[in-house]
Amino acid sequence: MTAVDAPAPQGLSRLGVAVSEDPGGGTVLHPERERLPEVVEALREAGYTQCIDLCGVDYLGADDRGRLPDAVAPQRFEVAVTLISHSGRERVRLRVQVPAADPSVPTLFDTFPGTENLEREVFDMFGIRFDGHPDMTRILMPEDWEGHPLRKDYAVGVVPVRFKAAGDQR
Amino acid sequence: MSAGALRTAGRVHARSGGAVLRLSEAESLTAAPSAPERMIINMGPQHPSTHGVLRLLLELDGETVTRCKPIIGYLHTGMEKTGETLTYLQGPTNVTRMDYSSPLFCELAFSMATETLLGLELPPRATWIRMLMCELNRISSHLLFQATNGMDLGAVSMMLYGWREREEVLRLLEKITGLRMNHNYIRPGGVAADLPDGWRDDTLRLLEGVGDRLDEYDALLTGQPIWRERLQGVGVVSAAECLALGVTGPILRSTGYSWDLRRHMPYLAYDRLDFDVVCGSYGDCFDRYAIRLNEIRESIRLVRQILDQMPAGDYRVGDRKVTPPPRGRIDESMEALIHHFKIFTEGFKVPAGEVYAAVESPRGELGCYMVSDGGPKPFRMHIRAPSFVNLQALPYMLEGRMVADAVAIISSVDPIMGEVDR
């Protein structure tokens with residue numbers, strides 16, 4: 001199995017998803033969150049063989065949201081998924097809007113099991129749940145941690161530094 | 001393999017093969033294993049062979065590993081959060097500490113993402129200095145792998161040799177950047193300083209030394225029966241599994257799948273250099289060892305070509321917006337002093353938008369997802385760390401193997417925990 005054997009990516013317009021372009025000239029898709037697994041599955045069939053990255057963004061208090069197509073209603077959270085096509089030599093990014101009132105997204109674990117760690121990290125850092133994920137637990141922070149550190153309303157320095165040796169004059 | 005079969009295999013394998021083996025410390029003391037003769041043991045996080053603070057929960061049937069769950073986070077220091085409080089010029093000091101054995105690649109991905117947002121075009125010399133430094137860094141990183149891999153498998157002399165050669169590379173990096181590690185050398189807009197006098201001779205001397213030593217490693221390890229016995233056929237992973245798991249770098253190439261960003265999606269000026277993408281065929285620990293050894297040779301080839309083609313010119317962009325004025329101007333011009341002060345206190349503003357920039361680090365695809373809201377600091381800075389994703393292949397490699405192979409397999413993944421936990 002080599003990179004050139006896989007089918008080349010087909011036109012993205014067939015997916016019926018809003019498309020935009022990022023400042024680097026890359027393609028960005030904006031599926032509704034319910035449709036995310038279906039769109040990712042279609043993209044995989046179209047030759048996007050690997051899910052390279054999945055990360056969250058909290059847009060609370062952003063001065064400028066960048067370019068969003070008119071059809072897309074901006075929400076506080078966003079999950080950005082990057083897929084790569086080895087045969088087409090290109091990446092595509094999916095930006096999914098996630099409302100703060102119900103921060104959840106269907107998991108991509110069924111299509112790409114490699115999103116397991118990445119989804120757990122987004123859950124840990126942003127509190128966005130991935131429905132259907134086999135192990136939706138914290139991955140980087142301690143299990144009993146409260147709050148989600150990469151949210152914009154979680155300030156740097158709110159947790160006092162503990163010096164374990166203080167007061168212990170052995 | 002059809003798409004459906006792969007998906008089902010992924011789900012079934014991950015379900016039975018380790019994804020849900022997760023117990024808190026209290027639970028693991030009382031939990032009954034899935035079969036009476038099985039037991040769950042804890043490996044790490046301070047085992048000398050877990051490459052830092054990696055912890056594995058292993059379910060054993062006798063000496064055989066049936067399930068495995070990597071547990072990470074012990075080195076988590078919130079570097080992505082810190083990155084939101086630093087300006088774009090300060091950013092490389094932060095990301096360089098993620099993957100401490102190949103720091104220049106993190107700086108490169110960060111700088112490339114920033115430059116894409118700014119729409120900057122680099123002068124050729126800056127591009128070629130970046131390639132030179134990255135290939136030298138790849139050599140030192142793979143030498144570190146050779147050293148630790150030898151140590152993990154009991155070839156302790158290899159550890160000393162690998163460390164010795166790596167130190168020579170680091171000495172050259174120190175001469176160029178001022179620091180052995182955590183260089184903060186590649187910055188948005190170019191590099192921090194031009195190459196020092198005598199860099200060409202030093203580099204040539206280094207390449208000759210390391211090149212000869214690689215043949216010694218071959219004699220010491222590659223043909224040695226014990227070495228082969230310990231590595232061949234151990235920790236096998238397939239190309240389909242690697243693709244499904246998002247695994248990149250030497251692990252993906254060890255399965256015979258040729259994918260290297262330098263070749264297939266060239267960045268910097270890699271399309272103007274001649275090199276081979278090293279691939280394995282069995283996807284085992286030995287292939288991964290051999291690939292990294294031969295990638296050092298390819299990097300030496302690349303550095304020699306870079307030496308021949310290094311262009312003259314400026315080492316950073318002339319754009320006043322991102323580049324501080326030259327040191328000499330500060331003494332004679334009040335405006336230059338103010339300009340310098342503004343750039344280092346306020347930073348420069350970057351147009352709003354989001355980009356993803358990726359480079360081929362020694363461990364695989366290292367990407368930087370950067371979101372700007374038009375301010376002088378990244379609104380969100382996410383590093384796609386190859387080790388973090390590659391670690392997911394561990395349960396697949398370990399399943400059905402002996403406990404004694406676990407150390408060899410962890411070593412062959414070459415995880416850098418600073419990058420895994422960030």
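I count a contact when heavy atoms lie within 4.5 Å. This is a predicted model, where local features need pLDDT of at least 70, side-chain atom pairs need 80 or more, and totals for chains, interfaces and linings use all residues.

**Entry 1: B:Asp260**

I looked up its contacts, setting aside neighbours within four places in sequence. B:Asp260 touches B:Arg253, B:Met265, B:Val277 and B:Glu360. Is B:Asp260 buried or exposed? B:Asp260 is buried, at a relative accessible area of 1%. (Buried is under 20%, exposed over 50%, partly exposed in between, with a 1.4 Å probe and protein chains only.) I found B:Asp260 in the loop between helix 11 (250-254) and helix 12 (261-264) of chain B. (Helices are DSSP runs of H or I, at least four residues; strands are runs of E, at least two; both are numbered from the N terminus.)

**Entry 2: a sheet in chain B**

I traced an open sheet of three strands, in the order 6-7-8, with antiparallel pairing. (Strands pair if DSSP finds at least two bridges between them.) Strand 6 (353-361) and strand 8 (380-384) are the edges, each pairing on one side only. Five bridges join strand 7 (residues 364-372) to strand 8. B:Gly367 stands opposite B:Arg384 of strand 8.

**Entry 3: chain A**

I listed two helices and seven strands in chain A. From the N terminus, the order is β-β-α-β-β-β-β-α-β. Chain A has 170 residues, and 55% of them count as buried.

Terms used
Residues are numbered from 1 along each chain as its sequence is written. Chains are lettered from A and ligands numbered from 1 in the order in which they are written. Side-chain values use heavy atoms; hydrogens and water are left out.
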